[in-house]
Amino acid sequence: MNADMYSFIVHLHSIGRWIMLLLLLVAIFNSLVAGDRPFIRTDARTGMILVIFTDLMFLAGLALWYFGPRGYKFIENMGMSAVMKDSYARFFAVEHITAMLIALILIHIGKAQGRKSISDKSKHKRTLLFYFLALLIILISIPWPFRQIGAGSHWY
């Protein structure tokens, strides 16, 4: 992957993170304040858009992991044993992608809860639970600029 393409995908992935986080917060808020209201079309659409956007961000991240200088290249160049001993390499080669895959699965499970034939209140509770767990995992796994792992990176 050439440097221009890598830079484009990094920026796309980074900006897309904000959109995905916003969609996730909206979905969580909708489920949180739902109370006894029916699980409506808007709830299902928000979940669908969230799932689509999360899948796109994961695919962009997977391309960065495989073709970029971090991720698979760390494993290829250093070997898995050395990667696991280096916190920076381990974060990008193993931890980040694994945690984001788990969050992606939780978001898919949360979306699927809205399609089950259970009470609307249960649908809201279950989507809230799975979306909130995904949000926690995502927030922990992002290399934020204020964290040592993300020092020197930007907010966008």
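How much accessible surface does the protein have, and what share of this surface belongs to carbon and sulfur atoms? The accessible surface comes to about 9,000 Å², and 69% of this area belongs to carbon and sulfur atoms. The structure is a predicted model, in which local features need pLDDT of at least 70 and side-chain atom pairs count only at pLDDT 80 or more, whereas totals for chains, interfaces and linings use all residues. Residues are numbered from 1 along each chain as its sequence is written, and side-chain values use heavy atoms, with hydrogens and water left out.

The secondary structure comprises six helices and zero strands, giving the pattern α-α-α-α-α-α along the sequence. Helices (H or I, at least four residues) and strands (E, at least two) are DSSP runs numbered from the N terminus. The C-alpha trace spans about 55 × 30 × 25 Å along its principal axes. Of the 156 residues in the protein, 41% are buried; buried denotes under 20% relative accessible area, exposed over 50%, and partly exposed the range in between (1.4 Å probe, protein chains only). Among contacts with a separation of 6 or more, 66% are accounted for by residues 24 or more positions apart, a contact being defined by heavy atoms within 4.5 Å.

Two packed helices are described by the angle between their axes and the distance between the axes. The axes are lines fitted to C-alpha atoms, for helices over the stretch in contact, and the angles run from 0 to 180 degrees between N-to-C directions. Angles under 35 degrees count as roughly parallel, over 145 as roughly antiparallel, 65 to 115 as roughly perpendicular, and the rest as oblique.

Helix H1 (residues 3-32) and helix H6 (residues 120-141) have axes that come within 9 Å and cross at roughly 150°; H1 and H6 are therefore roughly antiparallel to each other. The crossing of H1 past H6 is left-handed, a term applied if the near helix is turned anticlockwise from the far one by less than a right angle, with right-handed used if clockwise. On the H1 side, the contact includes Met20, Leu21, Leu24 and Leu25, and on the H6 side the residues include His124, Thr127, Leu128 and Tyr131. The residues of this contact of H1 with H6 divide into 14 nonpolar, four polar and no charged. In this classification Ala, Val, Leu, Ile, Met, Phe, Trp, Tyr, Cys and Pro count as nonpolar, Asp, Glu, Lys and Arg as charged, and the others, Gly among them, as polar.

Helix H6 also packs with helix H5 (residues 87-113), their axes coming within 8 Å and crossing at roughly 170°. H5 and H6 are therefore roughly antiparallel to each other, and their crossing is left-handed. Among the contributing residues are Phe91, His96, Ala99 and Met100 of H5, together with Lys123, Arg126, Thr127 and Phe130 of H6. The contact of H5 with H6 comprises 14 nonpolar, five polar and three charged residues.

The loop between H5 and H6 contains Ile118, which is partly exposed at a relative accessible area of 28%. Apart from neighbours within four places in sequence, Ile118 contacts Gln113, Lys123 and Arg126. Although Ile118 and Asp86 are 32 residues apart along the chain, their C-alpha atoms are separated by 47 Å. In the segment after H6 lies Ile142, a buried residue with a relative accessible area of 4%. Not counting residues up to four places away in sequence, Ile142 touches Arg17, Leu21, Phe91, His96, Met100 and Arg147.

Helix H2 (residues 41-67) packs against H5 at an angle of about 160°, with axes 10 Å apart. H2 and H5 are therefore roughly antiparallel to each other, and the crossing is left-handed. Residues making this contact include Ala44, Gly47, Met48 and Leu50 of H2 and Phe92, Ala93, Ile97 and Met100 of H5. The division is 14 nonpolar, three polar and two charged residues. Met48, located in helix H2, is partly exposed at 42% relative accessibility. Met48 and Ala112 are 64 residues apart in sequence and 9.7 Å apart in space, C-alpha to C-alpha.

Notes: Areas by Shrake-Rupley, 256 points an atom, 1.4 Å probe, with all protein chains shown as cover.
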